[in-house]
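Reader: Please show me the sequence and the model, and then take my questions in turn.

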Amino acid sequence: MNIQMLCCGYIRVSETVPFGNAINLKNTARQLTEPERSRVTLPVFSYLIEHPRGPILVDGGWCRAVSPAGVYDPKAAASLLTPALAALYQPWVPEGMTVSEQLSARGLRPEDLSCAVLTHLDPDHVSGLRDLKGLEKIILPEDEYFWSCRTVYKARQPRSLWQDLPIERVYYRGSPLGPNRWAIDLFGDESVVLVNLPGHTDGQAGVLVRSGGRFVLLCADAAFSPRNWRQGLTPGYGFSRAMQLRSLHWIAEQERDPGCAAILCSHDAAITPQTIAW
Ligand SMILES: [Zn+2]
């Protein structure tokens with residue numbers, strides 16, 4: 001099994017986003033107004049799993065429309081997202097780095113993918129899937145879709161970005177995995193399992209990819225860096241700190257498992273894109 005990490009753009013955010021250790025008005029205000037000099041640049045990773053049943057894409061990064069010239073374009077970002085989300089993320093995706101451009105450089109067409117998996121509906125994970133015309137199926141946990149009606153998610157996850165996508169909603173079921181003991185076994189063989197890791201959103205999934213007795217955990221935005229679970233330091237952007245802590249605790253347990261080959265966060269600035277093979 002192998003997983004290619006695809007860096008599909010960047011965000012330039014307040015450091016309270018990855019390490020704020022609280023979800024409150026003070027951190028939210030900082031995230032919207034943080035001056036340029038004290039922001040940090042974080043990558044936006046998607047993943048391509050080379051699975052025996054065909055390639056599986058996990059998340060889509062930024063779409064081309066958010067950054068037409070490959071640089072941060074406040075006007076384009078504000079019109080695609082909202083002015084507030086543009087101010088929060090300050091997103092850009094250099095030429096050749098959208099998921100669509102990177103798949104095409106590998107000779108892969110969207111219809112060649114077995115499916116895409118969406119960990120949650122935030123725009124830095126969903127918008128790049130809009131560029132994949134011909135993609136047939138996007139798997140999303142029903143719980144993530146269900147709560148998108150909540151006011152806080154309406155503001156975070158503009159519906160226009162994902163309502164027309166070929167999303168197939170799948171229910172979490174009882175499982176020994178995850179802080180909520182809720183998971184979706186994609187093929188019924190434990191090779192790709194979506195594990196509910198709540199806190200960043202209610203329905204967010206981490207993706208556990210297993211082969212030959214070892215596994216890689218793609219923990220999405222449950223953590224932004226190993227610092228989050230090793231130091232019990234919670235990200236300052238999310239929905240519930242109590243749920244974030246439960247998810248971080250479970251991730252820390254996975255790291256201690258001798259079968260753990262790697263744990264990858266969607267926005268870990270310390271990691272360079274690479275292929276994880278095991
Ligand atoms: Zn994210």
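Reader: How many bridges join strand 2 to strand 3?

Author: This is a predicted model, in which local features need pLDDT of at least 70, side-chain atom pairs count only at pLDDT 80 or more, and totals for chains, interfaces and linings use all residues. Residues are numbered from 1 along each chain as its sequence is written, and side-chain values use heavy atoms, with hydrogens and water left out. Strands are DSSP runs of E with at least two residues, helices are runs of H or I with at least four, and both are numbered from the N terminus; two strands pair if DSSP finds at least two bridges between them. Strand 3 (residues 54-58) runs antiparallel to strand 2, with Glu-50 opposite Pro-55, and the number of bridges joining the two strands is 5.

Reader: Which residues stand opposite Ile-3, in strand 2 and in strand 13?

Author: Strand 1 is joined to strand 2 (residues 39-51) in the antiparallel sense by 11 bridges. Strand 1 also pairs with strand 13 (residues 275-277), antiparallel again, over 3 bridges. Opposite Ile-3 stand, in strand 2, Ile-49 and, in strand 13, Ile-276.

Reader: Why is strand 1 largely enclosed by the rest of the structure?

Author: Burial is judged by relative accessible area with a 1.4 Å probe on protein chains only: buried is under 20%, exposed over 50%, and partly exposed in between. Strand 1 covers residues 2-14, and it is largely enclosed because the buried residues number 12 of the 13.

Reader: What is the order of the open sheet of 7 strands, and which are its edge strands?

Author: The pairing in this open sheet is mixed, and the order is 6-5-4-3-2-1-13. At its edges, pairing on one side only, are strand 6 (167-170) and strand 13.

Reader: Which strands stand at the edges of the open sheet of 6 strands?

Author: The order in this sheet is 7-8-9-10-11-12, with mixed pairing. Each edge strand has a single partner strand, so one side of each is left without a neighbour in the sheet; the two are strand 7 (173-174) and strand 12 (260-264).

Reader: What is the arrangement of the 4 donor atoms around the zinc ion?

Author: Donors are N, O and S atoms within 2.8 Å of the metal (3.2 Å for Na, K and Ca), and sites may look incomplete, since water is not among the atoms. Asp-124 (OD), His-125 (NE2), Asp-221 (OD) and His-267 (NE2) are the protein donors, 2.1 to 2.2 Å from the zinc ion. Four donors are tetrahedral if all angles lie between 85 and 135 degrees; four are square planar and six octahedral if opposite donors are over 155 degrees apart and all others between 65 and 115; anything else is irregular. Here the angles are 87 to 162 degrees, so the arrangement is irregular.

Reader: Is Asp-124 buried or exposed?

Author: The relative accessible area of Asp-124 is 2%. His-125, another zinc donor, has 1% and counts as buried. Asp-124 is likewise buried.
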